[in-house]
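Hi everyone, thanks for coming. I'd like to walk you through one model today, so please have a look at it with me.

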Amino acid sequence: MGCGQLEMHQIRYFVAMVSTLNFTRAAEMCNVTQPALTRAIHKLEEELGGPLFRREGRRTHLTELGRVVLPRLEQALALTPWHAKKPWISPTWSMRGSIWAACAPSCQKA
């Protein structure tokens, strides 16, 4: 596992890739170019310490690592305020084996 930072756009791109399993369609969903999405996914894979997708010809499959981190990254995305999901705002997250997300006390369950 890397000790760098995950960026919100990387998480958004990963979740889009999971939903489409297609780099071109995921890029279209995220309003970015396919090379930009591919670079972000590769950087995310480096940070997480392994491939998230297995590419076989024109087919793409989620790897075991991808299946493990998917629920955690989806949760991080769900806990993120809507304005932080915008492409022009890109908060970073420190990553050392866990995903940390801050939540205001008003968001906590009683």
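Among contacts between residues at least 6 apart in sequence, 55% join residues at least 24 apart; contact here means heavy atoms within 4.5 Å. Before going on, a word on what you're looking at: this is a predicted model, where local features need pLDDT of at least 70, side-chain atom pairs count only at pLDDT 80 or more, and totals for chains, interfaces and linings use all residues. Residues are numbered from 1 along each chain as its sequence is written, and side-chain values use heavy atoms, with hydrogens and water left out.

Now the overall layout. The protein has 4 helices and 4 strands, and along the sequence they follow the pattern β-α-α-α-β-β-α-β. Those elements are DSSP runs numbered from the N terminus, with helices being H or I of at least four residues and strands being E of at least two. Of the 110 residues, 35% are buried, where buried means under 20% relative accessible area, exposed over 50%, and partly exposed in between, with a 1.4 Å probe and protein chains only.

Let's turn to the helix packing. How far apart are the axes of helix 1 and helix 2? Helix 1, residues 8-20, and helix 2, residues 23-30, have axes 8 Å apart and pack at an angle of about 130 degrees. On the helix 1 side, the contact includes Arg12, Tyr13 and Ala16, while helix 2 brings Phe23, Arg25, Ala26, Met29 and Cys30.

Helix 1 also packs against helix 3, at about 105 degrees and with axes 9 Å apart, so this pair is roughly perpendicular. Among the residues that meet here are Phe14 and Met17 from helix 1 and Leu37, Ala40 and Ile41 from helix 3.

Glu45 sits in helix 3, residues 34-48. Is Glu45 buried or exposed? Glu45 is buried, with a relative accessible area of 7%. The side chain of Glu45 reaches the backbone nitrogen of Leu52 at 2.9 Å. Not counting residues up to four places away in sequence, Glu45 touches Gly50, Pro51, Leu52, Phe53 and Arg55.

Our other residue is Thr63, in the loop between strand 3 (59-62) and helix 4 (64-79). Thr63 is buried too, at 12% relative accessible area. Which residues does Thr63 contact, leaving aside its neighbours within four places in sequence? They are Pro51, Leu52, Phe53 and Arg54. The side chain of Thr63 reaches the backbone oxygen of Pro51 at 2.6 Å. Thr63 and Phe53 are 10 residues apart along the chain, and their C-alpha atoms are separated by 5.1 Å.

Notes:
Axes are lines fitted to C-alpha atoms, for helices over the stretch in contact, and angles run from 0 to 180 degrees between N-to-C directions. A polar contact is a pair of N or O atoms within 3.5 Å; within protein, one must be able to donate a hydrogen and the other to accept it, and residues adjacent in sequence count only if both atoms are side-chain atoms. Angles under 35 degrees count as roughly parallel, over 145 as roughly antiparallel, 65 to 115 as roughly perpendicular and the rest as oblique.
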